[in-house]
Amino acid sequence: MIARITYAFREMWASFRRNLTLTAAAILTSAIALLLVGTTLLIQRAFENLLVQWKGDVAMIVFVRSDATPEQISLIDESIRSAPTIINVDKLEYLDKAQTYEEAKRIFAGDPVTLSLLTPENIPSEFKVVPITQDPALVRSLSEQYRSLPGVEDVALAEDEFQVISTLSKFVRTVTLVMSLVLLMVAVGLIWNTIRTAMFARRREIEVMKLVGATNWFIRIPFMLEGLLQGLIGAVVSCGGLWVLNSAWTNGVAGFKPGTGISSLVVPSGYLSGVMFVILMIGALAGAIGSAIAASRFLDV
Amino acid sequence: MIRLENVTKRYGSETVAVRDASFDVAKGDFVFLVGPSGSGKSTILRLINRQERPERGDVWVAGQNVNDLPDSRVPFLRRNMGNVFQDYKLLTGKTVFENIAFALEVIGKPRHVIARQVPIVLDLVGLAGKEDRFPNQLSGGEQQRVSIARAFVNRPLILLADEPTGNLDPATGEGIMSLLDEINQTGTTVVMATHDHRVVNAMRRRVIQMDRGVLVRDQERGVYE
């Protein structure tokens with residue numbers, strides 16, 4: 001057993017070094033493809049930070065002063081519910097201070113100064129309003145009414161803050177996703193080709209192996225390991241790139257004025273490690289699949 | 001040990017390589033397959049080690065129907081057979097020792113078995129002391145001895161040889177034949193395809209003659225006609 005394992009790794013390594021140019025090309029392509037996959041995931045998450053308070057067709061948020069009395073809050077609630085032809089009353093949601101604070105943690109992820117000024121005590125609570133009507137003018141006129149109610153701090157409209165960003169985020173997401181998928185396929189193809197070349201270079205050896213009774217798996221595994229290693233190295237390189245990119249972005253964003261929204265466009269480091277893990281997995285898998293297909297197809301020598 | 005029953009093999013739709021061939025080879029036999037190029041000798045060897053499958057008929061090896069064998073079992077069938085070729089098929093990047101060890105390594109034999117078996121078989125084929133040479137530092141006859149050592153190191157039941165003397169001068173070929181004879185004496189069944197008149201006539205063993213895919217003669221202690 002140990003003899004087999006050392007054999008597989010020795011062969012993998014020998015073949016890996018024999019084909020340096022092709023190997024480098026395969027690694028580089030998978031690194032770039034995976035970097036794009038990772039960037040897509042990060043961008044998506046960053047935009048989500050900005051959009052999190054508008055999730056689920058929320059078109060208007062009524063912020064309630066942190067010192068509002070329960071009577072004032074229920075008055076606001078009643079006023080909103082009194083317009084059932086314009087507002088979807090079933091979807092009306094009230095976030096208390098604690099819930100709002102949780103949400104704020106994401107919105108101000110890249111803006112620790114602002115976040116540090118907020119506490120679960122001084123933060124406003126909020127009503128999230130989903131409209132029934134398609135007419136934004138009706139929602140806007142309602143917002144003017146609510147703004148004058150006692151205890152209301154402010155009313156925010158999605159139209160003002162949200163739609164441009166939402167469109168932008170969808171566009172960016174689509175473009176990067178398509179690009180990364182295409183590049184990922186190219187990477188699998190290149191790994192496939194590298195393995196095919198490696199097998200062709202060793203066809204005499206493979207022929208002898210088959211004649212003396214080596215099993216197909218025994219022959220295949222070093223090649224599959226080689227492909228897996230290529231994908232994995234590509235993934236490690238792209239993880240490095242992703243880290244550099246993300247640090248540069250986070251630092252750059254920190255320089256923006258607080259509250260401009262741009263500063264929300266960062267991801268927590270836990271999420272970054274998650275993305276890196278996913279990328280390592282995709283890299284290893286793409287490498288193993290590409291090489292497995294090649295190894296099976298070219299084993300008939 | 002080997003049994004062919006009405007075996008027919010075609011390449012493509014027209015070329016009939018073997019037509020309705022039947023014969024039996026008992027354990028420990030030494031059999032020459034003779035006939036001109038293209039008569040089907042090599043195809044018969046390739047049918048025995050399952051590099052090819054017959055179109056009709058059955059091939060039995062050591063009590064197993066080779067046709068029914070699933071692909072995953074073929075390697076284990078081949079571990080019972082050694083193969084020797086006209087062009088040796090040695091790996092040029094490996095030394096004599098490594099070439100022979102390779103055959104054991106790839107079927108998962110542990111290192112201490114390899115270290116013990118390889119010198120024994122090197123001694124048997126008369127190449128003791130040349131284990132560190134590379135194939136291109138050896139004569140043709142010596143290279144063929146390495147390939148026989150590789151085929152025999154696993155002590156197979158059957159040795160299949162395809163024109164093993166084809167690239168060698170008569171004297172060297174004689175040496176190879178006496179080595180194959182010696183291996184046959186250990187109980188290994190030998191099937192050798194050849195069109196070398198001299199070796200067949202000198203050995204006086206069983207001769208199976210092929211002509212355009214048809215088995216035309218099967219004779220104990222025969223000669224090449």
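**Terms and the values behind them**

Modeller: B:Y88 is found in the loop between β6 and α3 of chain B. Please keep in mind that the model is predicted.

Colleague: Why is B:Y88 called buried?

Modeller: A residue is buried if 20 or more other C-beta atoms lie within 10 Å of its own. B:Y88 has 21 such neighbours, and therefore it counts as buried. Its phi is near 65°, a positive value in a residue other than glycine.

Colleague: Why is B:D20 called partly exposed?

Modeller: B:D20 has 15 other C-beta atoms within 10 Å. Buried requires 20 or more, and exposed requires 12 or fewer. The value for B:D20 falls in between, so the residue is partly exposed.

Colleague: How do you know that β1(B) and β2(B) pair?

Modeller: Two strands pair if DSSP finds at least two bridges between them. Seven bridges link β1(B) with strand β2 (residues 15–25) of chain B, in the antiparallel sense, so the two strands pair. Three residues stand between the strands of this hairpin, where B:G12 takes a positive phi near 70°.

Colleague: What makes strand β4 of chain B a partner of β1(B) as well?

Modeller: Strand β1 (residues 2–11) and strand β4 (residues 56–61) of chain B run antiparallel and are joined by five bridges. The cut-off is at least two bridges, so these strands also pair. B:L4 illustrates both pairings: its bridge partner in β4(B) is B:V59, and its bridge partner in β2(B) is B:F23.

Colleague: Why are β6 and β10 of chain B called edge strands?

Modeller: They belong to an open sheet of six strands in the order β6-β7-β8-β3-β9-β10 (chain B), with mixed pairing. β6 (81–85) and β10 (214–219) of chain B each pair on one side only, and they are the edge strands. Neighbouring strands of this sheet are turned by 15° against each other on average, direction ignored.

Colleague: What is the sense of the pairing between β3 and β8 of chain B?

Modeller: Strand β3 (residues 30–34) and strand β8 (residues 189–194) of chain B pair in the parallel sense, over five bridges. B:V34 has B:T194 as its bridge partner in β8(B). Helix α5 (residues 140–152) of chain B lies across β6 and β7 (158–162) of chain B, and runs at about 165° to β6(B).

Colleague: Which residues have the most contacts inside the largest nonpolar core?

Modeller: The largest nonpolar core has 118 residues, and B:L33, B:I100 and B:A149 are among those with the most contacts inside it. Helix α2 (residues 20–51) of chain A gives the most to this core, with 13 residues. A second, separate core of 17 residues includes A:V58 and A:F63.

Colleague: Which residues does B:A149 contact, leaving aside its neighbours within four places in sequence?

Modeller: B:A149 is in contact with B:I100, B:V121, B:L122, B:V125 and B:L127.

Colleague: How many residues does each chain bring to the contact between chain A and chain B?

Modeller: The contact takes 14 residues from chain A and 14 residues from chain B. On the side of chain B that touches chain A, seven residues are nonpolar, two polar and five charged.

Technical notes
Residues are numbered from 1 along each chain as its sequence is written. Chains are lettered from A and ligands numbered from 1 in the order in which they are written. This is a predicted model: local features need pLDDT of at least 70, side-chain atom pairs count only at pLDDT 80 or more; totals for chains, interfaces and linings use all residues. Two residues are in contact if their C-beta atoms, placed from the backbone, lie within 7 Å. Ala, Val, Leu, Ile, Met, Phe, Trp, Tyr, Cys and Pro count as nonpolar, Asp, Glu, Lys and Arg as charged, and the others, Gly among them, as polar. A nonpolar core is a set of buried Ala, Val, Leu, Ile, Met, Phe, Trp, Tyr and Cys residues joined through C-beta atoms within 7 Å. Helices (H or I, at least four residues) and strands (E, at least two) are DSSP runs, numbered from the N terminus. Axes are lines fitted to C-alpha atoms, for helices over the stretch in contact, and angles run from 0 to 180 degrees between N-to-C directions.
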